[in-house]
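Biologist: I am new to this structure and would like to go through it by question and answer. Please show it first.

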Amino acid sequence: MHATLGRFTAKRDLLYMLTWREIRVKYSQSVMGIMWAILMPAVIVSAGVVVRFGFSTISGKPLEVDDVASVAVRAVPWAFFVATIRFATTSLIANSTLVTKVYLAREVFPVAAMLSQLIDAAVATLVVVILLTVLHVGVSVQLLWLPLLILILVVLTTGLGIVLSALSLFFHDVKYLVEVVLTFAIFFTPVFYEARMFGRWESLLLLNPVAPLLEGIANVVVRHAPPSLPWIGYSALCAVGIFAGSAAIFHALEPYFAESA
Amino acid sequence: MSDTALRLDGVYKKFRKGELYNSLRDLVPALSRRLIGRRPAPDSLNARSFWALQDVSFELRRGEAFGIIGSNGAGKSTILKLISGIMRPTRGTIQVGGRLSALIEVSAGFHPDLTGRENIYLNGTILGMTRAEIRRRFDAIVAFSELEQFLDTPVKRYSSGMYARLGFSVAVHVEPEILIVDEVLSVGDYLFQQKCMERMTEIMAGDATIIFVSHNLRAVASLCERSLLLDHGRVVQIGPSSETIKTYLTRGHSTRALEPGSDIRVTNVTLGPPGSSRVTFGTDEYMDITVEAKARTRHEDLSVVIQIMDNNQYAVFDTCTQRLGAGPVTLEAGETLTCTFRVQLRLAQGTFHVNAYLHRYVTSHQIDRWMSAATFFIAESPLVRGVANLAPSLVNCEKASPVGPALLDPVGRA
């Protein structure tokens, strides 16, 4: 019993140290340091505002405060999703010496990649909170949905990251495929726009399990409305399914990691 | 807790020669072959795979130190990777009874941009310690590494020796129940190696089981009671280290380099005291070295050279038929030449190898050579220490009393 507990503590501490290493290494020797965590979502927000401005110019409807706030709120989870998938995919390849030379629980690498991005997202969230205050968005009881929505996003992202990290050890194609998909994914995900703008195609767009989550987050934070429960249920189901499947694939492939890395 | 720390039972490991599948392009045909049903049996070998280990079984008692020796590619590191869980065996079972730590690639977990202090924590958790444990042992780790002044320097500015010292210092403080050591003792300078050996003995005294893989046979002999000799993935011998090492040395080192198309060669080299055959001698004993050579075509102007090397491949002695007064030898086709050299073994304890050469008389052109054709051992003797037996005798050892009063040197130093 004591030994099991010790092993668990050791694994938790390893995860802590690896996450800390990711952050420490990323921001050491860079002039901007932790400001980079804000820059990425800031770029997405700026791009989004430009796009929304374009929309409003064409449609003749004025650009509303809520539209800007909505883009800002969606940008942070989206940046978290993209960066986590990107870093998690290469996390085992980047640590191949450890994978082949030392025995440790290998799932810590993609999970640490996720955690370090989560901390970046937390920093960016602070900035968004300031922005929302300036825009007088206000708060409501609907904010209580937020932790659940974030949890579903984290489970979904971690699941994808875990399976992609394992697969990319065996097939280098995975890394390139992920890059291509991430580059275009912003067109198929409601970050700059809202799903309802698509009218009858809305359901098709929401089949992307990240989409209902972004919609939900924007709803509860900016519009003070509850998220669409069926769609959130769908996302949660996808997240749990993907996570379970990924964990199974990861553990089935793990014995061959050292021979393939 | 049982008395067994580790048990390997019929362990096999198969490796592929190439990559598993390099890209999706290779996977598609491979998968479709599988779907059609031409799936190879898991135990069969094809042209693209080989056995890295075959039928390896052994059992270690708690607190035992166990050596694994063998030439490069014998499968030593594969065994360690299987035991430590980095890889899984193709067949067979491995039971590990206790917390295991491996001193393989001790600096693998270092990040060059982080400082020594940060890397101690990072590497410590990678090797399986909790942060609380590292905090407790931090001072001991730093003291062991002797790198106090450089703790806040990024390790990318460390020398490779400092790098290895820090890695080893962390690793030896994991306090495992089973410790795997792979050739890491070759790090650092002489004093640090000494210190590592002492620390290993200390860990052993704490009832830990040690598996030690090394080419440093002296270290294996002094640390491990039992050893395993591996050759091409198969167990050759398991037993007391001294005997396993002897087997390894007598079989492993022999290499022959023949001229292509050479039609004369050394065919046999045997050792023994005059009139019999054995390979362990006392110092000062006489030993006969018999060299046989056979010619398939006529050869003129031959001489036979023997050379005795110590374990570090330093030449200790050589002689030849020419220098000992024999004239050039001529062999007709099919004839065999047998030369017996007699030497007095004025050597100290150690392992020695005999090389035999066929030379052209006068020009000393080498025709055939057989390196380490035979091996012999000189037993320990209380009379001889060092490398050679200089046949000491005591000429004088007497006291003298000063004639007058001892004024200058009251001790009476002569």
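Modeller: Two strands are said to pair if DSSP finds at least two bridges between them. By that rule S18(B) and strand S19 (residues 366–378) of chain B pair in the antiparallel sense, over nine bridges. Keep in mind that this is a predicted model.

Biologist: In S19(B), which residue is the bridge partner of B:His353?

Modeller: S18(B) covers residues 350–360 of chain B, and S18(B) pairs with S19(B) in the antiparallel sense. The bridge partner of B:His353 in S19(B) is B:Thr375.

Biologist: Which residue takes a positive phi in the hairpin of S18(B) and S19(B)?

Modeller: The hairpin of S18(B) and S19(B) has five residues between the strands. The phi in question is near 75°, and the residue that takes it is B:Val362.

Biologist: How many bridges join strand S14 of chain B to S18(B)?

Modeller: Strand S14 covers residues 299–310 of chain B, and S14(B) and S18(B) run antiparallel. One pair of facing residues is B:Val305 and B:Tyr357, the latter in S18(B). The number of bridges that join S14(B) to S18(B) is nine.

Biologist: Turning to helix H6 of chain B, how far apart are its end C-alpha atoms?

Modeller: H6(B) runs over residues 190–205, which is 16 residues. At 1.5 Å a residue, H6(B) should span 22 Å. The distance between its end C-alpha atoms agrees with this, at 23 Å.

Biologist: Which residues of H6(B) are buried, and why are they on the same side?

Modeller: An α-helix has 3.6 residues a turn, so residues three or four places apart point the same way. On the other side of H6(B), exposed residues include B:Gln194, B:Glu198 and B:Glu202. The buried residues in H6(B) are B:Cys196, B:Met200 and B:Ile203. They cover an arc of only 60° around the axis, and therefore lie on the same side of H6(B).

Biologist: Leaving aside its neighbours within four places in sequence, which residues is B:Leu179 in contact with?

Modeller: B:Leu179 has its place in strand S6 (residues 178–182) of chain B. B:Leu179 is buried, with 23 other C-beta atoms within 10 Å. Leaving aside neighbours within four places in sequence, its contacts are B:Ser101, B:Leu103, B:Ile203, B:Ala208 and B:Ile210.

Biologist: Where chain B touches chain A, which element gives the largest share of the side of chain B?

Modeller: The contact takes 27 residues from chain B and 27 residues from chain A. On the chain B side, the elements that give two or more residues are helix H1 (24–36), helix H2 (76–84) and helix H3 (116–126) of chain B. The largest share of that side, four residues, comes from H3(B).

Biologist: How far apart do the C-alpha centres of domain 1 and domain 2 of chain B lie?

Modeller: Chain B is divided into domain 1 (4–24 + 46–250) and domain 2 (257–378). The C-alpha centres of the two domains of chain B lie apart by 40 Å.

Note on methods: Residues are numbered from 1 along each chain as its sequence is written. Chains are lettered from A and ligands numbered from 1 in the order in which they are written. This is a predicted model: local features need pLDDT of at least 70, side-chain atom pairs count only at pLDDT 80 or more; totals for chains, interfaces and linings use all residues. The expected span of a helix is 1.5 Å times one less than its number of residues. A residue is buried if 20 or more other C-beta atoms lie within 10 Å of its own, exposed if 12 or fewer, and partly exposed in between; C-beta atoms are placed from the backbone. The arc is that of the directions from the helix axis to the C-beta atoms. Domain bounds come from an automatic or database domain assignment. Two residues are in contact if their C-beta atoms, placed from the backbone, lie within 7 Å.
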